[in-house]
Amino acid sequence: MRILLLLLIIPFLSFSQDDLLSEIDTNDDNQYASAAFKGLKIVNFESTKIADKKLFYMVVSHRFGTVKNGIDDFFGLDGAVTRLNFIYGIMDGVNIGVSRSSFQKTYETSLKYRLLRQKKGGLPFTLVGYNSVTINTQIDKENNNLPGLEFKHRLAYVWQMLLSRKFNKNFSLQVMPTLLHENLTVVDDQENTQYALGVGGRHKLTKRWSINVDYAYHMNRSSDSPFKNPLSIGFDLETGGHVFQMHFTNAQPMNTYGVLSQGSGDWGDGDFFFGFNLSRVF
């Protein structure tokens, strides 16, 4: 409980900035629907929100270990991982990003671009493309008995189409067909090219709070794979200049590739992780 209270206080201790609420649930002069989602992510998966041109986002993500072990590792505190993600709006509707996660010491570069935009009296949905390349720098030739390991084996790629619709001021829904390619798979008989279909949504609870959910079905996961389809439930809190996201999920990785391919928790066994994202806009 003390940890949860501390996490709730964090956003209020940061430097203040113009309130982002001015951007929520409003339309611009062209009647484009805005703020289908508050954050650049729903929970684990990217949302159709795009950083505005010349805006710089710093996103600090923290995910504790599994709560299943209880007090032995302080409900996951001892097994926490961290991700730093930097996103910049290089032009209207186009973002680039770079991140580093302590989970498998993973580096990632990403490109996010809006193709279509929901408009009142016009197009009924927003379509955004998302591509990323990840590099696993933890793989070690000696420790993992992989003498033939090459740099290409460290790489994985994700291609996503994010299709969202804001139905009203309180409810938004998103569908995410996804292609994932791993040059080296953890499970021997896992196909390198994999397919998934994700879905996510946001329901506004109050002026500042919303509940978010996302899930993905992995279509060709190996029958021998120990990994699970990722299901995540979170709450967004918006304060002046920040979006603070708290969530529970069965996937400890925090980039799209890791969430889809290496989510190890099982909700049915109480094996899930608590975490949060804190965004700062410059």
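**Strand pairing around a closed barrel**

Visitor: Which residue in β12 does Thr66 stand opposite?

Guide: In this predicted model, strand β1 covers residues 56-66 and strand β12 covers residues 273-281. These two strands run antiparallel and are joined by eight bridges. Within β12, the residue opposite Thr66 is Phe273.

Visitor: How many strands form the closed barrel?

Guide: The order runs from β1 through to β12, with antiparallel pairing. Bridges between β1 and β12 join these two strands as well. The closed barrel therefore has a strand count, under the DSSP numbering from the N terminus, of 12.

Visitor: By what angle are neighbouring strands of this sheet turned against each other on average?

Guide: The sheet in question is the closed barrel that runs from β1 to β12. With direction ignored, its neighbouring strands are turned against each other by an average of 20°.

Visitor: Is Thr126 buried or exposed?

Guide: Thr126 lies in strand β5, which spans residues 126-136. Its relative accessibility is 8%. Because the limit for burial is under 20% relative accessible area, Thr126 counts as buried.

Visitor: What distance separates the C-alpha atoms of Thr126 and Lys49?

Guide: Along the chain, Thr126 and Lys49 are 77 residues apart. Thr126 also has contacts beyond four places in sequence, among them Thr48, Arg114 and Leu162. Between the C-alpha atoms of Thr126 and Lys49, the separation is 9.5 Å.

Visitor: Which residue in β6 stands opposite Thr126?

Guide: Strand β6 (residues 155-166) runs antiparallel to β5, and 10 bridges join the two. The contacts of Thr126 include Leu162, Leu163 and Ser164. Of the residues in β6, the one opposite Thr126 is Ser164.

Visitor: Where in β7 is the residue that Ser164 stands opposite?

Guide: β6 and β7 pair in the antiparallel sense over nine bridges. A hairpin of four residues joins β6 to β7. In β7, Ser164 stands opposite Gln174.

Visitor: What is the area of the nonpolar surface patch?

Guide: Its members include Leu163, Phe167, Phe171 and Tyr217. β7 (171-182) and β8 (193-204) each supply at least two residues of the patch.

Visitor: Why does Tyr195 count as partly exposed?

Guide: Partly exposed residues lie between the limits of under 20% for buried and over 50% for exposed. Tyr195 is therefore partly exposed, because its relative accessible area is 39%.

How values were computed. Residues are numbered from 1 along each chain as its sequence is written. This is a predicted model: local features need pLDDT of at least 70, side-chain atom pairs count only at pLDDT 80 or more; totals for chains, interfaces and linings use all residues. Side-chain values use heavy atoms; hydrogens and water are left out. Two strands pair if DSSP finds at least two bridges between them. Axes are lines fitted to C-alpha atoms, for helices over the stretch in contact, and angles run from 0 to 180 degrees between N-to-C directions. Patches are made of residues with over 30% relative accessible area and no salt bridge: like charges are joined within 9 Å, nonpolar side chains (Val, Leu, Ile, Met, Phe, Trp, Tyr) within 5 Å. Accessible areas come from the Shrake-Rupley method with a 1.4 Å probe; for residues, only the protein chains shown count as cover. A salt bridge is a side-chain nitrogen of Lys or Arg within 4 Å of a carboxyl oxygen of Asp or Glu. Buried means under 20% relative accessible area, exposed over 50%, partly exposed in between (1.4 Å probe, protein chains only). Contact means heavy atoms within 4.5 Å.
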